[in-house]
Amino acid sequence: MIPPQPSDITQLLIASSRGDGEALSELLPLVYNELRRLADHYLRGERPDHTLQATALVHEAYLRLVDQTVAWQNRAHFFGIAAEMMRRILVDHARGVRAAKRGSGGIKLSLDEALDLSDEKAADLLALDEALRELAVVDPLKSRIVELRFFGGLSIEETAEALGLGTATVIRHWRMAKAWLYHEVSSKGR
C-alpha cells in the first residue's frame, strides 16, 4: 500500500472544513496509522496492561477531532491538534484514577483500573501538564512547540510547518522550553 501524501490529507482536511462530510470518512483510513503511532508514543511509558489502550485513545481523540469546528490548515495542523487531544484524554484519565484512589470525585473504577496507572506515572503526567500550562502563560509559542514535538511526535520540520516558523527558530525554542520545563518540574519537587 502506498502511504498517503501529506497533500492528500491536507486536501481532505480543507474539504472537511468546508462542510464536506464525505471527506471525513475518506480521512480516517489515511490518518489512522499515524494517530495510532502517536497513541503508542503516549502509552509507551505506561504499564503494558494500562486500561486505556492505544486503539481506544485513537478513537476517542478522532471523535473529539471531528466534533471540532476547525479551519484545518494542513496535515501538521491536524496532527498537532490530535496530539493535544490525546494529551488531554490521558491527563483526564490520570486525574480520574488519582481521584478514584483518594475516594473522591465520585468516579467508580474497578480495583484493576485503579491500580493500573501508578501514582508515580500519574503524578509525572500531571506535573508535566501543570508545568506546560504554566509555560503557556509565560511563552505560548514554546508551549505549543513542546506539545507538537513531545506529545505529538512531530519532527522539527513538521513543527515548523505547522507553526509557520523556520526550523532554526523551532530548534531554539524547543531547547529553551525543555530547559524551562525541567527546571520547573525539578525545582517544585513534582
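Reader: Which residues does Thr10 touch, not counting residues up to four places away in sequence?

Author: Contact here means heavy atoms within 4.5 Å. By that rule, Thr10 touches Gln73, Asn74 and Arg75, not counting residues up to four places away in sequence. This is a predicted model, where local features need pLDDT of at least 70 and side-chain atom pairs count only at pLDDT 80 or more, while totals for chains, interfaces and linings use all residues. Residues are numbered from 1 along each chain as its sequence is written, and side-chain values use heavy atoms, with hydrogens and water left out.

Reader: Where is the place of Thr10, and is Thr10 buried or exposed?

Author: Helices (H or I, at least four residues) and strands (E, at least two) are DSSP runs, numbered from the N terminus. Thr10 has its place in helix α1 (residues 6–17). Buried means under 20% relative accessible area, exposed over 50%, and partly exposed in between (1.4 Å probe, protein chains only). Thr10 counts as buried because its relative accessibility is 13%.

Reader: How should I read Thr159?

Author: Thr159 lies in helix α8 (residues 156–163). Its relative accessible area is 0%, so Thr159 is buried. Leaving aside neighbours within four places in sequence, Thr159 is in contact with Ile145, Leu148, Arg149, Leu154 and Val170.

Reader: How do the axes of helix α2 and helix α3 cross?

Author: Two packed helices are described by the angle between their axes and the distance between the axes. Axes are lines fitted to C-alpha atoms, for helices over the stretch in contact, and angles run from 0 to 180 degrees between N-to-C directions. The axes of α2 (residues 21–43) and α3 (residues 54–67) come within 9 Å and cross at roughly 130 degrees. That makes α2 oblique to α3; angles under 35 degrees count as roughly parallel, over 145 as roughly antiparallel, 65 to 115 as roughly perpendicular and the rest as oblique.

Reader: Which residues make the contact?

Author: From α2 they include Leu24, Leu28, Val31 and Leu35, and from α3 they include Leu57, Val58, Tyr62 and Val66. By class, the contact of α2 with α3 has 14 nonpolar, two polar and two charged residues. Ala, Val, Leu, Ile, Met, Phe, Trp, Tyr, Cys and Pro count as nonpolar, Asp, Glu, Lys and Arg as charged, and the others, Gly among them, as polar.

Reader: What does the secondary structure of the protein chain come to?

Author: The protein chain has nine helices and zero strands. Buried residues make up 42% of its 190 residues.
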